[in-house]
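Hi,

Here is the model I promised to pass on. Have a look at it first, and then read my notes below.

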2 protein chains.
Amino acid sequence: ACESDTDVSRHPNLLVAAQDVAAMKRADGVSAPLFADALQQAQTEVDAAMAQALDIPLPKDPGGGYSHERHKKNALLLFQAGQLYTIKGDPRYANWAAEVLVRYADLYPTLGLHPEHKHQAPGKLFWQILNDAWWLTYVIQAYDMVLPAMTEDQRAQVESRLLRPYADFLSKESASTFNKVHNHGTWAAAAVGMTGLVLADDYYVNIALKGLDQSGKAGFLKQMDQLFSPDGYYTEGPYYQRYALLPFVMFARALDRHKPSMGIFEYRDRILIKAIYAAIQLTDGHYFLPLNDAIKDKGLDTIEMVYGVSIAYAKTQDKNLLAIARKQNQVVLTGDGLRVAVDLARSADVQFPFSSQLFRDGPNGDEGAVALLRAGDTTVVFKAASQGMGHGHFDRLGWQLYSQGAEIVSDYGAARYLNVEPKQGGIYLPENTSWAKQTVAHNALVVDRTSHFDGSVKRASKSSPELLQFVRGEQWQLVSAREANAYKGVVMTRTQILLEHPLLSGPLVLDLLAAESDEQHVYELPVHFQGQLMTFSGELAVNTDALKPLGTQNGYQHLWHKATLAPAAHRPLQASWLSNNRFYTLTAVAPADQTLLVAELGANDPEFNLRRDQALIARAETSGGVQFVQLLEQHGHYDGRAETVSQPRSAIARAAIEQHPGAQVLTLDTVSGQTLRIVLADDRAPERQHALSLGEQRVQWQGPVHLLVNH
Amino acid sequence: ACESDTDVSRHPNLLVAAQDVAAMKRADGVSAPLFADALQQAQTEVDAAMAQALDIPLPKDPGGGYSHERHKKNALLLFQAGQLYTIKGDPRYANWAAEVLVRYADLYPTLGLHPEHKHQAPGKLFWQILNDAWWLTYVIQAYDMVLPAMTEDQRAQVESRLLRPYADFLSKESASTFNKVHNHGTWAAAAVGMTGLVLADDYYVNIALKGLDQSGKAGFLKQMDQLFSPDGYYTEGPYYQRYALLPFVMFARALDRHKPSMGIFEYRDRILIKAIYAAIQLTDGHYFLPLNDAIKDKGLDTIEMVYGVSIAYAKTQDKNLLAIARKQNQVVLTGDGLRVAVDLARSADVQFPFSSQLFRDGPNGDEGAVALLRAGDTTVVFKAASQGMGHGHFDRLGWQLYSQGAEIVSDYGAARYLNVEPKQGGIYLPENTSWAKQTVAHNALVVDRTSHFDGSVKRASKSSPELLQFVRGEQWQLVSAREANAYKGVVMTRTQILLEHPLLSGPLVLDLLAAESDEQHVYELPVHFQGQLMTFSGELAVNTDALKPLGTQNGYQHLWHKATLAPAAHRPLQASWLSNNRFYTLTAVAPADQTLLVAELGANDPEFNLRRDQALIARAETSGGVQFVQLLEQHGHYDGRAETVSQPRSAIARAAIEQHPGAQVLTLDTVSGQTLRIVLADDRAPERQHALSLGEQRVQWQGPVHLLVNH
Ligand SMILES: [Zn+2]
Ligand SMILES: [Zn+2]
């Protein structure tokens, strides 16, 4: 009994730690309103559950089904009951949790593999072992909090019949998942490792950190080495980065408490902190940028980010994080969560510095990159990253534009209604492959109406784009990358420049995409836009009384061909639309003989699975390569309330691009009679000095971009 | 000079009144934050204008053009300068305003009719006299405020060369507009009448009140008699009601000050106060319900409603109005506005009681009605009103559904991009006639693919639907109306019931539409829905690789035919969609052989003028009439953040309707195995007692609707 009491005094010590308990007990609605709200909500939920008989069903249903959802909910209720016991000291919560844990300890030894398991690694409580691992990360925390109130007999039962066999199942008995350097492996490592910390069993901790053979070739540390780039980017993209983060930060925070000398948050130049900040930056200010398979309704207020912010704040005391906590309007019931709540209540005005940043991809940072160019309320997302594994899309050198926090030039994301059972059980839909992953579904170059790497993940995973430049000057930011492998015999180089200039009504995107090839090809460059089409410049031929799909495969079969815009003499090819009360114009400067197709998504969609998004597709057929030069202009304002409209038309009357010695010069004549020249040096070195004669004028400048105004 | 001083002491006395000035001077950011904000904003705008030379261009451009917008802006600046002078006492504002007024007095006598005038009644400063009248309502208020600071000479100039000739132009010289019992006449009456009040010239006041011949056959009082129904409904619909209200409430408030004995706000049983409340109720909680020509981005925060609320609050002291002011987040710089700002700052929690209401149409309330049925966050709008003049749509017995403040079953509104110059100058587009006004653009019965009254405003204006019932019980609200003239030989009767019952996951709409006819007809009943289609019950045939328009005229030429849903044995015809994180299902109960067409707007739209809205169109071809019975169910919840989804499928497994002696019985079998019966008595009298045998069961009830549950 003495030994047991000694053990008890160490608890809780995972995300909730004994030294925080006194402060958590004192927290009130004035000093820490969000903490008090969370406590109240937990109490409401747990009290409601305690008032009824808790169902612990036999595992039966796949994801979304009753038994699946019930076991998930039970884990969260146990976790909340533990928090309520810790904070409020009411033994009813501990007794209830102890009873539920004992019931699970009765059930667990009777279970074989889940009846619905498929090709994925199977679990016992759930159809996928990933869910089993998730369950234990919460339940071990619950146990850590309530064990001081449990009898020795109860503890023995729960440890020997539930926690240890559960951890063994996740590790030894599921070796291949456990040893995976993959997000599924991280969940298993976190579950097993935290179990080891609570049971004071170093074996579990060691295999969690270093893999089953404890060699370090697998396990949590290897995952920290491999799964994030040096800039904290997770190769599957921001949507999965959010999900992958949670086991990392939970287990790391627990290690930080139990083994502070490890300095886990210092590991690999503070990689976990970088990953949390990267996840915040890789949003439109709220929603995660949809790179690869991504569902667009996940944002900074998801529970993973609530944990991430609380833990990052504990380790950095960076007040800017409080701005994210304010958006979240929620804290977790831990000491870290309390510190966020208290400091937020004291901070009147906090802003998170969303900024232009480069996120290199790959463990060594040499597998391409995602670049963010930000100016005012405008964000350009340029994706020159690696394939991102099975959830990757064939979107080399694709881009997106956000303005006022809304999608303007958009990516479809994933074709999936997560957990919506009537939509094929909520899994990825067939259209995720036939549309969402295809190149034409992206703002990326399509050659001969095929997708990059012919849609082969295996081929695509062998190489990455090459980042060429990421530089900025006073009025411009530039990113450039090259992709030589997506199409055999075609080398694409894309440069995107975000320009700010008083002649422009808002930040302007200049997009230059060159494809070098010796062969004849059809090149198509889509701009998937959000909004209501307004006007066109050029000869518009609309398919007014019949629609046909643009093609038969590689995503083209899903696009209705609504219109074709062809060049008209002396006028640039332009399409304008209205979105979110702002006007946007796409201007195609070159090549001379290109057309612009107008398309709407939805053909060959027999179950109405696709959203009805729209695209403008610049098209040119050439031999010997091509250069697309496009401008994306933001202009004017529509105010329906005040009935005022400003500048609904593009400011660009004429646009031309010329190659001069050592530089390309894009000349924009505005409707107000001024001329803006954008000079782009062939040599992009930031410090290089350049000079050029433009007619009478001798122009000198430093760096890759120079802006000139003539009246 | 003495006489002039006496005059001066009476000013200002329109919306800003001398007795309020002391309080307005004292108002600060603590006691009246919204007032302080408005004052600061006015100051910023006027200071900016005063820092530059003010342009008073020759009238030249039509609506939206430079001279048009400039003169509008100048009137508002004068008005604000007057307010700033009154409140802050700084003579610079008065001097500037005086100077601008004198410049207008120099210009005005030189003007003929506006060069851009069209078939509309022409103005001088503007292309339409309506705009000229608007201008004077603001400028006369400005003059009222600054005249105490003007020299006698300035006043003489402004009165003799600007105000009087301007008022004469609006009245004597534009007799037909001035004498119109129409909103354009109200603007003229308000402008001329307020000018009379300021100049103490009873002639202007009298003709404004009683028409040019002062007989009372025209003028403001007649307009108050004729333009609103006894329930305060304006026949053109809520969008125009908002606009029409402003001259009424401005002039009335001025009369209230100058001639309190008139009791103008008591006139016709407080008709103006009723009209303000009606405008508030006729919203989805924010936006005006789109009945007839309406642009959907106008809501309760428009300036007209800011005035309306301040004046209604002054006359009623109804604290509920403060909830609207809170939404508006803006007050006007008048004594009334100040009182709203002060009381709002003191009121922590105010709610406006949006409620179920009937708004009878027509001056005598006998020209049909618009009914609102509200339950929780659900609003059913049922339109059985008269044609609403030239802006009316052919939508007899049409309906709309709002849920959580968003459109679910929607009306297209007007096809117009107001003031967006590239969209045909911002006027009503051709598609307003070819689509938006047509019956198929509405949730209304179409017979033989023609529009009501063959689209003739003249024919439609001759008769109104007949309101049959508007009654409610504990669990239901019912509205019913009949339309016998829209189609020759077809009498339509529609009954809509909004039901609340524990078996239902949200308020349910039961829609019964009977058409009596002796002939063979094609009947089509559209439901224009907002959202993403999810699932169907029935045999779905999708036009996957080619789309054609549904028809060639009467709006059908604009609808792409995307799919046809045909009945499958033993299953109701159903379509479900997801909107705003809630699921909706339309269930078609009868007739047995109907189909459901799925359509998308956008065919034959060569300028991309139309939004790409969607519709489900129930279709039946019969001889001898038809009855459509439809259910609109709200169910479940999609939470993308928490990854939880509840009840994505309809709760209705089977549905059948039977005629019993004296009552129709709709039997709904739920997926959970229960049966809900909705009994609808043929005799709808609210107090009537009914009895019916249903199998073994003897059912007795009172009133038109009765709900029964069997297990
Ligand atoms: Zn994608
Ligand atoms: Zn309409």
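Is B:Gln530 buried, partly exposed or exposed? With a relative accessible area of 22%, B:Gln530 is partly exposed, where buried means under 20% relative accessible area, exposed over 50% and partly exposed in between, with a 1.4 Å probe and protein chains only.

Before going on, some housekeeping. This is a predicted model, in which local features need pLDDT of at least 70 and side-chain atom pairs count only at pLDDT 80 or more, while totals for chains, interfaces and linings use all residues. Residues are numbered from 1 along each chain as its sequence is written, chains are lettered from A and ligands numbered from 1 in the order in which they are written, and side-chain values use heavy atoms, with hydrogens and water left out.

Back to B:Gln530. You'll find B:Gln530 in the loop between β11 (520–529) and β12 (532–537) of chain B; helices (H or I, at least four residues) and strands (E, at least two) are DSSP runs, numbered from the N terminus. Setting aside neighbours within four places in sequence, B:Gln530 is in contact (heavy atoms within 4.5 Å) with B:Glu407, B:Ile408, B:Ser410, B:Trp577, B:Ser579 and B:Asp613. For a sense of distance, 26 Å separates the C-alpha atoms of B:Gln530 and B:Ala278, which are 252 residues apart along the chain.

Now the metals. In chain B, the zinc ion (ligand 2) is coordinated by B:His393 (ND1), B:Asp411 (OD) and B:His442 (NE2) at 2.1 to 2.5 Å. Donors here are N, O and S atoms within 2.8 Å of the metal (3.2 Å for Na, K and Ca), and water is not among the atoms, so sites may look incomplete. The donor residues of ligand 2 follow the spacing H-x17-D-x30-H in sequence. B:Asp411 sits in the loop between β5 (406–409) and α17 (430–436) of chain B and B:His442 in the loop between α17 and β6 (446–447), so this pair ties together parts that are 31 residues apart in sequence. Both B:Asp411 and B:His442 are buried.

The zinc ion (ligand 1) has A:His393 (ND1), A:Asp411 (OD) and A:His442 (NE2) as its protein donors, lying 2.1 to 2.5 Å from it. Their spacing in sequence is H-x17-D-x30-H. A:Asp411 is buried, with a relative accessible area of 4%, and A:His442 counts as buried at 0%.

How are the chains related? Chain A superposes on chain B by a rotation of 180 degrees with 0.0 Å of shift along its axis (RMSD 0.0 Å), using least squares on the C-alpha atoms of residues with pLDDT of at least 70 in both. The two copies are thus related as by a two-fold rotation axis. In chain A, the C-alpha nearest the axis belongs to A:Leu547, 2.5 Å from it. The same surface serves both copies, as 100% of the contact residues of chain A recur in chain B.

On to charges. Over all chains there are 73 salt bridges, each a side-chain nitrogen of Lys or Arg within 4 Å of a carboxyl oxygen of Asp or Glu. One of them joins B:Lys298 to A:Glu643, with the closest N and O atoms 2.8 Å apart. This pair crosses between chains, from the loop between α13 (267–281) and α14 (303–316) of chain B to the loop between β20 (637–639) and β21 (644–646) of chain A. B:Lys298 counts as buried at 2% relative accessibility, whereas A:Glu643 counts as partly exposed at 22%.

Within chain B, B:Arg494 and B:Asp511 meet in a salt bridge (2.6 Å, N to O). B:Arg494 lies in strand β9 (residues 490–499) and B:Asp511 in strand β10 (residues 508–516), so the pair ties together parts that are 17 residues apart in sequence. B:Arg494 is buried, with a relative accessible area of 0%, and B:Asp511 is buried too, with 2%. In chain A, look for the salt-bridge network linking A:Asp20, A:Arg253, A:Asp256, A:Arg257, A:Lys315, A:Asp336 and A:Arg339.

Finally, a sheet. In chain B, 4 strands form an open antiparallel sheet in the order β22-β23-β24-β27, where two strands pair if DSSP finds at least two bridges between them. β22 (652–660) and β27 (705–710) stand at the edges with a single partner strand each, so one side of each is left without a neighbour in the sheet.

Cheers
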